[in-house]
Each structure stands twice: as C-alpha cells, then as structure tokens.
Amino acid sequence: MTGPVFDTAFRDALEQLLTWRRDVRHFQTRPLPDGLLDSLIEIACRGPSVGNAQPWRFVRIVSPERRAALIASVDAHKHAAGEPYCGDRKALYARLKLHGLREAPEIVAVFCDAETEAGHGLGRATMPETLCWSVVTAVHTLWLAARAHGVGLGWVSIIDPASMNALIDVPAHWRFVALLCLGYPERESETPELVRHGWQDRLPFETTRLER
Ligand SMILES: Cc1cc2nc3c(=O)[nH]c(=O)nc-3n(C[C@H](O)[C@H](O)[C@H](O)COP(=O)(O)O)c2cc1C
C-alpha cells in the first residue's frame with residue numbers, strides 16, 4: 001500500500017502551521033463545536049510513544065469548582081514564582097498573562113500513566129523518563145491539530161504537580177504533565193507572546209545547531 005503524497009503546497013501549508021502555532025493565553029469564550037475536542041484528542045493519540053505504550057491520559061475539566069481551584073492555584077504560583085525577579089523584569093513579569101484558564105472554553109489536564117502495562121516496558125528500562133516524554137509528543141500533536149482547526153492552545157505549567165492528582169481526582173500513579181487551555185484565540189500572531197512583550201527573543205538558529 002502506498003501512502004499519500006505530500007506535495008510542495010502541503011509542505012508550504014505545514015510550514016505555515018508550524019510558524020503560526022502559538023501558545024495562546026487570550027481566548028474568546030465561545031465554545032468549540034460539539035465533538036471537536038474529542039476528535040483533536042483522538043489525533044493527538046496518534047503521536048509516537050516509547051514501546052507504543054500510549055501512556056497519555058486526557059482529562060476534560062467540566063466542573064466549575066475544579067476550574068476555580070485550578071485558577072486559584074495557578075494565580076498563587078504565578079505570584080510566588082515572580083518573587084526572585086527584581087527591577088524592570090519584575091514589573092514585566094507582573095504584566096505577563098500566563099494562562100487563559102478563566103476564559104478558555106475548554107481545559108484539559110494531561111497525565112502520564114506511569115504504571116501502564118501497554119508497551120511491556122520496551123525502551124523504559126534504560127530511560128524511564130521516555131514514558132512522560134511520550135505524553136509531551138501527544139500534547140504537541142494536539143497543539144498542531146488544534147491550530148489546524150483555528151483553535152488555540154495554551155500550556156500552563158505554573159502549578160504544583162503533586163497537588164494535581166487529588167485536585168482532579170485521578171489515580172495516584174498518574175504523573176501530571178500539562179494543563180491545557182483550548183479555545184478560539186482573540187488574535188493571531190506569527191510572533192510568540194513572550195517575544196512581543198520583550199521577555200525572551202528567539203535564539204539565533206546557529207546557537208542551536210552543532211557539528212562534531
Ligand atoms: C513545557 C511548557 C510549559 C509551558 N508553560 C507555560 C505557562 O505556564 N504559561 C505560559 O503562559 N506559557 C507556557 N508555555 C508556553 C511558552 O511560553 C511558549 O511556548 C513560548 O513562549 C514560545 O511561544 P510559542 O509557543 O507561541 O511559540 C509553556 C510551554 C511549554 C513547552
């Protein structure tokens with residue numbers, strides 16, 4: 001069986017998708033169409049995983065009380081994480097919007113099932129961390145699939161991972177990986193928000209590539 005042919009037009013479109021994928025913190029409140037979140041998560045599950053373990057577990061947050069608890073926790077951690085900064089950077093940090101948990105129509109918590117039997121341990125003996133890395137590949141796949149539908153995704157990590165299992169009521173052996181906000185972005189940009197706000201520029205390509 002031959003697979004699809006990806007032509008130049010597709011490659012150009014893919015590059016555009018990668019260029020215009022953004023971490024989104026400013027969301028419209030309008031809901032996603034019925035079923036879209038599930039189909040995006042289904043696509044995310046086509047990501048690669050060590051031993052084909054597929055350890056990703058996606059939890060859609062539907063309880064308003066849980067959403068409120070997440071907002072309170074992230075706001076508190078954002079405040080605490082700002083303590084070490086001083087001067088202009090402290091002021092800049094205070095102005096950064098680091099999550100869209102209040103407005104985003106969908107919030108998804110992503111965990112890694114650290115005790116999954118799927119994959120039969122293949123590849124995990126030497127590098128057990130590859131199990132959680134596999135979940136990150138699924139998150140990135142979700143990010144791109146969402147963007148292809150015009151849906152923005154924001155990754156929120158300013159939270160205490162140890163508190164997440166109890167807060168979300170999932171098994172203790174699941175490891176928290178990511179909290180995601182999804183929804184239609186208020187605006188599109190080719191430039192990351194942290195670059196636009198002068199927090200961190202993109203690094204020159206040459207500094208990221210070596211030969212030995
Ligand atoms: C593992 C990970 C954790 C992140 N955590 C946060 C976060 O807590 N809050 C936030 O605003 N952005 C977070 N981001 C988004 C980054 O700030 C963003 O990817 C980066 O600034 C580049 O922007 P871009 O994704 O729009 O290209 C996170 C991204 C990754 C990959």
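**View 1. Ile 43 meets Thr 141 and Ala 145, leaving aside residues up to four places away in sequence.** Welcome to this predicted model; we start at one residue and its surroundings. Ile 43 sits in helix α2, which covers residues 36–44. Look also for Leu 142: its C-alpha lies 6.8 Å from that of Ile 43, although 99 residues separate the two in sequence.

**View 2. Four strands form an open sheet in the order β1-β2-β4-β3, with antiparallel pairing.** At the edges you will find β1 (56–60) and β3 (152–156), each pairing on one side only. On average, neighbouring strands of this sheet are turned by 30 degrees against each other, direction ignored.

**View 3. Strands β2 and β4 pair in the antiparallel sense over eight bridges.** Here β2 spans residues 106–113 and β4 spans residues 174–183.

**View 4. Helix α5 lies across β1, β2, β3 and β4.** This helix takes in residues 130–148 and runs at about 5 degrees to β4.

**View 5. The ligand has a shell of six nonpolar, two polar and three charged residues.** Which residues surround the ligand? They are Arg 22, Asp 23, Arg 25, Leu 98, His 99, Trp 155, Val 156, Ser 157, Ile 158, Pro 192 and Leu 194.

Definitions and conventions
Residues numbered from 1 in each chain as written. Predicted model: local features only at pLDDT ≥ 70, side-chain atom pairs only at ≥ 80, totals over all residues. Pairing = 2+ DSSP bridges. Helix = DSSP H or I, 4+ residues; strand = E, 2+ residues; numbered from the N terminus. Axes fitted to C-alpha atoms, helices over the stretch in contact; angles between N-to-C directions. Contact = placed C-beta atoms within 7 Å. Near = placed C-beta within 6 Å. Nonpolar A, V, L, I, M, F, W, Y, C, P; charged D, E, K, R; others polar.
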